[in-house]
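Here is a friendly walk through one protein model, written for someone who likes to know the cut-offs behind each term. Have the viewer open and follow along.

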Amino acid sequence: MIPQDNEKIIRHKPIERINHWLVVICFLFTAISGLGFFFPSLNWFMNILGTPQLSRILHPFVGTAMFLLFIFMFFRYFSHNFINKDDINWAKNIDKVLKNEEAGDVGQYNLGQKGVYWVVSICLLLLAISGVMIWRPYFAEYFPIPIIRIALLVHSLAAIGLIITIIVHAYAAIWVKGSVRAMVEGWVTRGWAKKHHPLWYREILEKERKQQEEEKK
Ligand code: HEM
C-alpha cells in the first residue's frame, strides 16, 4: 500500500542523501582498488577503472574526496550519536533486535548505528592521516622509512576495520525493512518510526504539535 503524505516522515534531507551516496561511491572504489593492491590473489581488482596504473593514481584522490565528503556527514549527524543510558538498555535487549522486535526507547539512532558512526569516523581519520604519509610522489618523501612502514600498517588495519564495519552497516540497513528507502527517497512511515525509533518519533510529534500551535496563532 502506498502511504498518504501525512503518513510519511522525513528522515534524511536531499543534501544528506546525496552526500551519503557520494561517500558510498568513493568507498566502493577505494575499498575495491585497495584490496587489489593489498592481496596478490585480488590483484585483478586493480582493473576497476580499466588499468592498475589508473587505480593507483586515483585511489588517494578518491580517498581524499571520501574523507572530505564524510566531514560533512560527521557534523550533520554528530548531535544524534552521543551514547546514553537508553543505549545500554538497547544493548541488553539485542536478542529482540535480531528478532525484529522493539528494543527499548531508541532515539534517532540506536547503539549499533552510533557504533558504526564512531568506528567509521575513527577509521577514516586514520586512513586520511596515514594515507597522506604514504602518498607517492607528493608527500611520502617527507617521512622516514620506519614511519612510512608504521603508516602502511595503520592504513591497512583501518581499511580492514572500515570494510568490515560497512559490510555490517549495509547488512543491517537491508535487514531493517524501510531503512534503505529512508536513505534513497528520504522518508519513513509513522509505523516505522514508532517501531524502530520511538523516542525520535515522540520528538517529531512534539515538533508537529508546536508547529500547529504556531499556525493557529
Ligand atoms: C555500501 C552500502 C551502504 C548502504 C546500503 C548504506 C545504507 C544506509 C542507510 C539506509 C542509512 C540510514 C539509516 C537510518 O536512517 O536509520 C545509512 C546511514 C548512515 N550511513 Fe550508510 N550505507 C552504506 C555505506 C556507507 C558508507 C560507505 C559510509 C561511510 C563511510 C556510511 C555512513 C553512514 C552514516 C554515518 C549514517 C548515519 C547514521 C549513523 O549515524 O549511524 N554508509 N546508511
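This is a predicted model: local features need pLDDT of at least 70, side-chain atom pairs count only at pLDDT 80 or more; totals for chains, interfaces and linings use all residues.

Let us begin with Ile150, which is exposed at a relative accessible area of 52%. The scale used here calls a residue buried under 20% relative accessible area, exposed over 50%, and partly exposed in between, with a 1.4 Å probe and protein chains only. Ile150 sits in helix H6.

Residues are numbered from 1 along each chain as its sequence is written, and side-chain values use heavy atoms, with hydrogens and water left out.

## Overall layout

The protein has 9 helices and 2 strands. These elements are DSSP runs numbered from the N terminus, with helices (H or I) of at least four residues and strands (E) of at least two. Read from the N terminus, their order is β-α-α-α-α-α-α-α-β-α-α.

Along its principal axes, the C-alpha trace spans about 65 × 35 × 35 Å. The protein has 217 residues, and 35% of them count as buried. One of the buried residues is Val120, with a relative accessible area of 8%; Val120 belongs to helix H5. Ala158 is 38 residues from Val120 along the chain, and their C-alpha atoms are separated by 9.2 Å.

## The second largest pocket

Rolling a probe the size of a water molecule over the atoms shows where empty space is left. The search runs on a 1 Å grid over the protein atoms alone: a cavity is a set of points where a 1.4 Å probe fits but cannot get out, whereas a pocket is an open set with protein on both sides within 12 Å along at least five of seven lines. Lining residues have an atom within 4 Å of a point. Grid points are joined across faces, edges and corners, and the volume is the space filled by probe spheres set on the points.

How much space lies in the second largest pocket? About 840 Å³. Its lining counts 31 residues, and those closest to the centre are Phe37, His59, Gly131, Ile134 and His155. Two or more lining residues come from each of helix H1 (14-38), helix H2 (52-77), helix H5 (111-133) and helix H6 (145-175). H6 gives the largest share, 8 residues.

By class, the lining holds 21 nonpolar, 8 polar and 2 charged residues. Here Ala, Val, Leu, Ile, Met, Phe, Trp, Tyr, Cys and Pro count as nonpolar, Asp, Glu, Lys and Arg as charged, and the others, Gly among them, as polar.

## A nonpolar patch and a cis bond

On the surface, Ile57, Phe61, Val132, Tyr138, Phe139 and Tyr142 form a nonpolar patch with about 600 Å² of accessible area together. Patch members have over 30% relative accessible area and no salt bridge; nonpolar side chains (Val, Leu, Ile, Met, Phe, Trp, Tyr) are joined within 5 Å, and like charges within 9 Å. Areas come from the Shrake-Rupley method with a 1.4 Å probe, and for residues only the protein chains shown count as cover. Val132, in helix H5, is partly exposed at 35% relative accessibility.

Most residues other than glycine have a negative phi, and most peptide bonds are trans. The bond from Arg136 to Pro137, however, is cis, with omega near 10 degrees. Pro137 lies in the loop between H5 and H6.

## Salt bridges

The whole structure contains 7 salt bridges, each a side-chain nitrogen of Lys or Arg within 4 Å of a carboxyl oxygen of Asp or Glu. Arg76 and Glu16 form one of them, at 3.0 Å from N to O. Arg76 is in helix H2 and Glu16 in helix H1, so this pair ties together parts that are 60 residues apart in sequence. Arg76 is partly exposed at 31%, whereas Glu16 is buried at 10%.

Glu206 also pairs with Arg209, with their closest N and O atoms 2.7 Å apart. Both lie in helix H9 (residues 198-216), and being 3 residues apart, they are separated by about one helical turn. Glu206 is partly exposed at 32%, and so is Arg209 at 39%. In another salt bridge, Glu214 and Lys217 have their closest N and O atoms 3.5 Å apart; Glu214 is exposed at 52% and Lys217 at 77%. Salt bridges with shared partners join Glu206, Arg209 and Glu213 into one network.
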